[in-house]
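Please go through the assignments in this model one at a time, and for each say what the term rests on.

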Amino acid sequence: FPPGTFPSVGTESLSMFSDDWEPISNRIEASDLPLDVGVAGGATRTASMTSFYRRPLPSPPCTRFSTPKGKLWFVEALQEGTAEGFFPVAEQFSTQAEPAFCGLTTLSVVLNALEVDPRRAWKGVWRWYHEDMLDCCEDIEKVRQNGITFEKLACLARCNGLCVKSRISPAKETDPSEVIKNMMDLEKNLEEDMCSCSRAPAQKSEEGNFEEFRKDVQASAAGDGSIVIVSYSRSVLGQTGDGHFSPIGAYHRGEDQVLVMDVARYKYPPHWVPLKLLWEATRCVDKVTGRSRGYMKFAKDTSMDASLLTIDLRHEDSSKWLDFLLSGKIPEILEKNEGKDATTQLHAILTMMPSPPSAVISCYPKANGTSCWACCRHGEQREAAEGIYQSSMRKAVGQILAKKDIPWHTDCINSITGLHYCSMMMENYNGMERLAILLAALLLAIPSTSWEHADNRLLEIINEKLSPAAKVEVDHLRSQLQVLNG
């Protein structure tokens with residue numbers, strides 16, 4: 001059949017989330033079984049729901065991995081060098097633990113395959129990624145019921161130590177009225193879908209194209225150290241259900257086929273599909289977000305070694321802080337105070353800050369405690385805090401704060417002292433010292449171009465060589481601010 005024109009798999013009404021058709025011989029009535037959810041969105045259980053033992057894989061267009069043809073293509077891909085990416089994925093490949101966990105399972109497979117240390121315990125003394133640990137960008141119970149959207153999965157990957165290249169596929173042409181409706185809802189949906197958790201600033205995915213997709217798949221399959229995952233509509237492949245996430249394990253150049261390592265193994269086994277058809281499946285619009293689907297290319301992010309501080313955009317005043325730090329406000333303040341000493345210039349900057357710094361910077365672990373680092377990082381955190389505490393910037397800020405004439409001084413001390421997670425990691429410092437540490441780290445992390453009119457002594461403070469642990473923290477904050485600065 002031509003792509004996207006497979007016959008209907010049943011005459012019953014199918015929701016975008018459920019797979020409720022199967023040959024009569026495979027059906028078992030069950031009133032307490034969950035639906036097979038593959039995208040963000042919920043479903044209601046009813047007494048008439050059925051249960052299934054797997055699904056017949058539609059062939060064509062899919063070719064089961066374990067068939068003679070599937071094995072032959074794998075051997076040939078291996079000989080061509082485009083199945084190297086299969087092995088790290090296969091070593092960690094697992095079945096999604098919940099019907100709506102395709103995104104979380106795919107990500108946990110990738111994290112373990114790329115040997116990212118979660119730095120928190122899984123079971124007993126062992127540190128290992130499991131779906132239930134991936135909860136910093138979306139409440140795990142919400143994901144259990146509704147699945148996870150494309151952008152939030154990308155954010156979740158960044159939060160857990162991955163470099164993420166995310167690409168949204170150009171949407172297929174639809175009915176004009178639907179296009180207008182989507183345009184009206186798109187910005188609202190995007191705003192709601194963007195994650196602003198503390199581990200990694202939100203980033204919107206760029207639009208990709210088929211040739212870029214092919215190159216990324218080929219490079220990953222050839223073993224360049226990355227893993228590609230796809231967010232696609234099953235229906236385009238003739239499969240039941242709709243949105244789904246899974247990693248790609250190999251590529252066959254001669255047949256232009258990719259090996260999809262389907263994490264819903266209770267439903268479909270790993271299978272080969274035409275690359276072009278898979279691309280078309282990523283172009284279907286997710287009705288929850290109003291955007292088409294796409295793909296992500298993951299690699300290990302070595303810059304995520306910071307253990308103490310992070311830009312945190314969850315506070316309502318975070319936008320004011322970003323405007324202050326990145327839009328030229330500090331250079332304006334310094335220019336107005338040009339020729340004055342370092343203390344005067346720094347005091348002017350602190351006075352003009354919009355609110356307590358807890359509106360834009362926070363400490364690991366996060367306040368809710370759901371994704372906290374294990375005690376294996378506490379030593380690193382204290383070392384980082386002490387390194388910033390001993391810096392000239394922290395000392396200069398501390399001297400100004402001691403005068404208690406900053407407008408938001410009292411609110412700042414109360415907010416910092418009240419943060420349990422900051423008091424845990426910086427227990428050797430009082431409230432004012434913790435505040436000075438956060439402010440010093442922020443000031444050291446802003447773009448160097450902001451200090452053009454700074455006094456020579458202030459420039460010496462800014463350019464001071466930090467301890468290795470403190471430098472990691474400041475570099476991490478700087479990289480986050482660079483992302484937010486576009």
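This is a predicted model: local features need pLDDT of at least 70, side-chain atom pairs count only at pLDDT 80 or more; totals for chains, interfaces and linings use all residues.

Q: Why is strand β6 called mostly covered?
A: Buried means under 20% relative accessible area, and seven of the seven residues of β6 (residues 227-233) are buried. I227, I229, S231 and S233 point one way from the strand, while V228, V230 and Y232 point the other way, and all are buried. In a regular strand the side chains alternate between the two faces of the sheet.

Q: How do you know that β7 and β8 are paired, and what is found in the turn of their hairpin?
A: Against a requirement of at least two bridges, four bridges join β7 to β8, which run antiparallel. Among the partners, I248 is bridged to V260 in β8, and Y251 has V258 as its bridge partner in β8. The two strands form a hairpin with four residues between them, and D256 in the turn has a positive phi of about 55°.

Q: What is the state of the residues on either side of β8, and how is β8 joined to β9?
A: Q257 and L259 point one way from strand β8 (residues 257-260), V258 and V260 point the other way, and all are buried. Strand β9 (residues 271-274) pairs with β8 in the antiparallel sense over four bridges, and Q257 stands opposite P274 in β9.

Q: Is T63 counted as buried or exposed, and what decides this?
A: The relative accessibility of T63 is 12%, and because buried means under 20%, T63 counts as buried. T63 lies in strand β3 (residues 63-64). Leaving aside residues up to four places away in sequence, T63 touches L57, K69, G70, W73, H271 and W272. T63 and P270 are 207 residues apart in sequence, yet their C-alpha atoms are 8.8 Å apart in space.

Q: Why is helix α13 called oblique to helix α16?
A: Helix α13 (residues 392-401) and helix α16 (residues 431-445) pack at an angle of about 130°, with their axes 8 Å apart. Angles over 145 degrees would count as roughly antiparallel and those from 65 to 115 as roughly perpendicular, so the angle of about 130° makes α13 oblique to α16. The crossing of the two helices is right-handed.

Q: Which residues make the contact of α13 with α16, and what is its class composition?
A: From α13, M393, R394, V397, G398 and L401 meet M432, L435, A436, I437, L439, A440, L443 and L444 in α16. By class, the contact has eleven nonpolar, one polar and one charged residues.

Technical notes: Residues are numbered from 1 along each chain as its sequence is written. Side-chain values use heavy atoms; hydrogens and water are left out. Axes are lines fitted to C-alpha atoms, for helices over the stretch in contact, and angles run from 0 to 180 degrees between N-to-C directions. Angles under 35 degrees count as roughly parallel, over 145 as roughly antiparallel, 65 to 115 as roughly perpendicular and the rest as oblique. A crossing is left-handed if the near helix is turned anticlockwise from the far one by less than a right angle, and right-handed if clockwise. Contact means heavy atoms within 4.5 Å. Ala, Val, Leu, Ile, Met, Phe, Trp, Tyr, Cys and Pro count as nonpolar, Asp, Glu, Lys and Arg as charged, and the others, Gly among them, as polar. Buried means under 20% relative accessible area, exposed over 50%, partly exposed in between (1.4 Å probe, protein chains only).
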